[in-house]
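Dear colleague,

Please find below the structure that I am handing over to you, together with its sequence. My findings follow directly after it.

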Amino acid sequence: MEYEAKQPVYLPVQGFLQLELHLAETRPGAKVDAVVVELLRRWLATESNRNFLRKNGPALRGFQWKTLFLPEGTILRTAYGQTAGFAKVGGDHIVSDDGATLTPSQFANRHAKGRNAWRFIWLRFPGDDGWVRADNCRAREADLPLKRSNATASRSKTIWNNHAGQSNPVHASHEKGDSGLKNRARH
């Protein structure tokens, strides 16, 4: 066994006890210090991705999955039995842990057949902490244009209503029953 230098970190007793209780229920036998190190490494990786995105902007490369864009660095996860499989978007491709380039369907069906990739793949985007089911991302993405068009229509109505009460030669002429162009053409 190799020696590993350690530095003490002081945690509030209440937080430490909550973590210990949680681990006893969810991961029996797990050592608190090992879990804290694992959490710290994950947090640092996430913060590193966030800082990269803040500094460099969103990824220019990625994989286009029908209407859903997966930026470079997106992690894909699927489970079969007690085993989880992972892949990552590298460049413009989805690459599995063993280096194979796959489509989402091929990834979802590597160890089982007839699976709908939208339902069996979970995604973690660069800079995000949590996993989101691909189907939920697709539904959210499909709602965005509708929300944008509703917001635009709402703004248009507001602008129209704000200007409708003002004296505008075009609006006034419409109210009188002519196009307004005849009056301007005569002058």
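N109 counts as buried in this predicted model, because its relative accessibility is 12% and the cut-off for a buried residue is under 20%. The residue is placed in the loop between α3 (104–108) and α4 (117–120). Leaving aside residues up to four places away in sequence, N109 touches G114 and R115. With R115 there is also a polar contact, in which the side chain of N109 reaches the backbone nitrogen of R115 at 2.7 Å.

I turn next to the helices. Two packed helices are described by the angle between their axes and the distance between the axes. For helix α1 (residues 13–26) and helix α2 (residues 32–56), the angle is about 100° and the axes lie 11 Å apart. The two helices are therefore roughly perpendicular. On the α1 side, the contact involves F16, L19, E20 and L23, which meet V32, V35 and V36 of α2. By class, the residues of this contact comprise six nonpolar, one charged and no polar.

Finally, there is the sheet. Six strands form an open sheet with antiparallel pairing, in the order β6-β5-β4-β3-β7-β8. The edges are taken by β6 (101–102) and β8 (132–133); each has a single partner strand, so one side of each has no neighbour in the sheet.

With kind regards

Notes
Residues numbered from 1 in each chain as written. Predicted model: local features only at pLDDT ≥ 70, side-chain atom pairs only at ≥ 80, totals over all residues. Heavy atoms only, no water. Axes fitted to C-alpha atoms, helices over the stretch in contact; angles between N-to-C directions. Helix = DSSP H or I, 4+ residues; strand = E, 2+ residues; numbered from the N terminus. Parallel < 35°, antiparallel > 145°, perpendicular 65-115°, else oblique. Contact = heavy atoms within 4.5 Å. Nonpolar A, V, L, I, M, F, W, Y, C, P; charged D, E, K, R; others polar. Pairing = 2+ DSSP bridges. Buried < 20%, exposed > 50% of the residue type's maximum accessible area, 1.4 Å probe, protein only. Polar contact = N/O pair within 3.5 Å; in protein donor to acceptor, adjacent residues only side chain to side chain.
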